[in-house]
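Keep the structure in view while reading.

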Amino acid sequence: MKQPFPWAETIILSLAVASLLLITYANARRQAQAPRYDTFSSYDAHSGGYRAWYELLQREGIPVTRFERRPAFLDDSVGTLIASANTTEMILRGQATGDVTGSLQAIDIENLKRWVQAGGRLVWVSDGSSDESLVQTSLINSGQQRDDSVPLAHAPLTQGVTSVSSPGQRRAAYGANARLQPLIGDGSGAVVADYPLGKGRIIVVTDQNLFDNKHIAAAGNAQLALNLATGGPRGSVSFFEWVHGYAAGGSWWTILPIPVRAAVIVVLAACLLLLVGTALRFGPTARLPEDAERTSAEYLSSMAQLLARG
């Protein structure tokens, strides 16, 4: 017997596909209409992001991750932390989305310093408004129109770098801190400087535009970006994405006791079996007889059998 066409199933499937396409289109429109500003985030593929730096390290075979938690959660698994907090980006993000996640407090700065003192390596790409306890010097605007900084010392961080170039004008003043060793700079100040802190080190970079997607290919910027990430003594290289609003942590599932998780899995499996059992046909459709009325002879026969049994 010829089976009828499954109109109901076809309509439901078509509506589900149309809903997915509509959600995808709406998400693409929302991203296209979102206000653009320099984020200095490794997720950002626009001109003001650090996606190219992240992918450069991946292509070079360097274990690179993204750290999306507060500094208190840093441990030995992270060898080099690249942080590029930007106050302007945070203000614009807060105005556009209302999200102010990533604002560094005094306790966060202290946790960063504690992690460095324990042996961590922090690459602090400064926006000029960062805490001076991390920069360890005063940052000044040199007034130059472009950056033609060159290596000032022979060190692993300057190996293969002949010059760096970007429109940034911020410099670290020479001589402001005897422990701060200038590595790359020009006549007005240092662009890259290094100083020890406990068992670790902090590398201060005064120009965030050096490594954004627009300028990383200029001069020796890419080589410097690679050197900054490969000098750590342990662990992986992580981009500090929490300061850009990407916050990760324990989910509700991870904090549930194991028996509760098992019960949830059993309930979901039962619901899935019920859904499959009601949606799929495991045999031909049973058809009711066309003439369902009983004759009087059948009624009398059934009553006679009942009385005989009685």
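## Strand pairing around β9

β8 and β9 are antiparallel partners, joined by six bridges. Strands count as paired if DSSP finds at least two bridges between them. Helices (H or I, at least four residues) and strands (E, at least two) are DSSP runs, numbered from the N terminus. Across this pair, Val192 stands opposite Val205 in β9. Two residues lie between the strands of the β8 and β9 hairpin, where Gly198 adopts a positive phi near 65°.

β9 also pairs with β3, this time in parallel, over five bridges. Val123 has Ile203 of β9 as its bridge partner. β9 is mostly covered, with five of its six residues buried. Buried means under 20% relative accessible area, exposed means over 50%, and partly exposed lies in between (1.4 Å probe, protein chains only).

## Basis of the model

This is a predicted model: local features need pLDDT of at least 70, side-chain atom pairs count only at pLDDT 80 or more, and totals for chains, interfaces and linings use all residues. Residues are numbered from 1 along each chain as its sequence is written, and side-chain values use heavy atoms, with hydrogens and water left out.

## Overall figures

The protein has nine helices and 10 strands. Of its 310 residues, 36% are buried.

Accessible areas come from the Shrake-Rupley method with a 1.4 Å probe; for residues, only the protein chains shown count as cover.

## Nonpolar cores

Which residues touch the most other members of the largest nonpolar core? They are Trp53, Leu57, Val205, Phe211 and Leu228, in a core of 31 residues. Seven elements each supply at least two residues of this core: α2 (51-59), β3 (121-125), β7 (181-186), β8 (189-197), β9 (200-205), α6 (221-229) and β10 (236-240). α6 gives the largest share, five residues. A nonpolar core is a set of buried Ala, Val, Leu, Ile, Met, Phe, Trp, Tyr and Cys residues joined through side-chain atoms within 4.5 Å.

Back at Trp53, the contacts beyond four places in sequence are Ile82, Phe211, Ile216, Ala225, Leu228 and Phe239.

## The loop between β5 and β6

Val164 sits in the loop between β5 (150-151) and β6 (170-172). Val164 counts as buried because its relative accessibility is 0%. Val164 and Leu224 are 60 residues apart in sequence, yet their C-alpha atoms are 8.0 Å apart.

Thr158 belongs to the loop between β5 and β6. Thr158 has a relative accessible area of 7%, so Thr158 is buried. Leaving out residues up to four places away in sequence, Thr158 touches Pro151, Ala153, Leu183, Ile184 and Asn227.

## A nonpolar surface patch

Leu272, Leu275, Val276 and Leu280 make a nonpolar surface patch of about 370 Å². Patches are made of residues with over 30% relative accessible area and no salt bridge; like charges are joined within 9 Å, nonpolar side chains (Val, Leu, Ile, Met, Phe, Trp, Tyr) within 5 Å. A salt bridge is a side-chain nitrogen of Lys or Arg within 4 Å of a carboxyl oxygen of Asp or Glu.

Leu272 is part of helix α8 (residues 258-279). Leu272 is exposed because its relative accessible area is 53%.

Key
Contact means heavy atoms within 4.5 Å.
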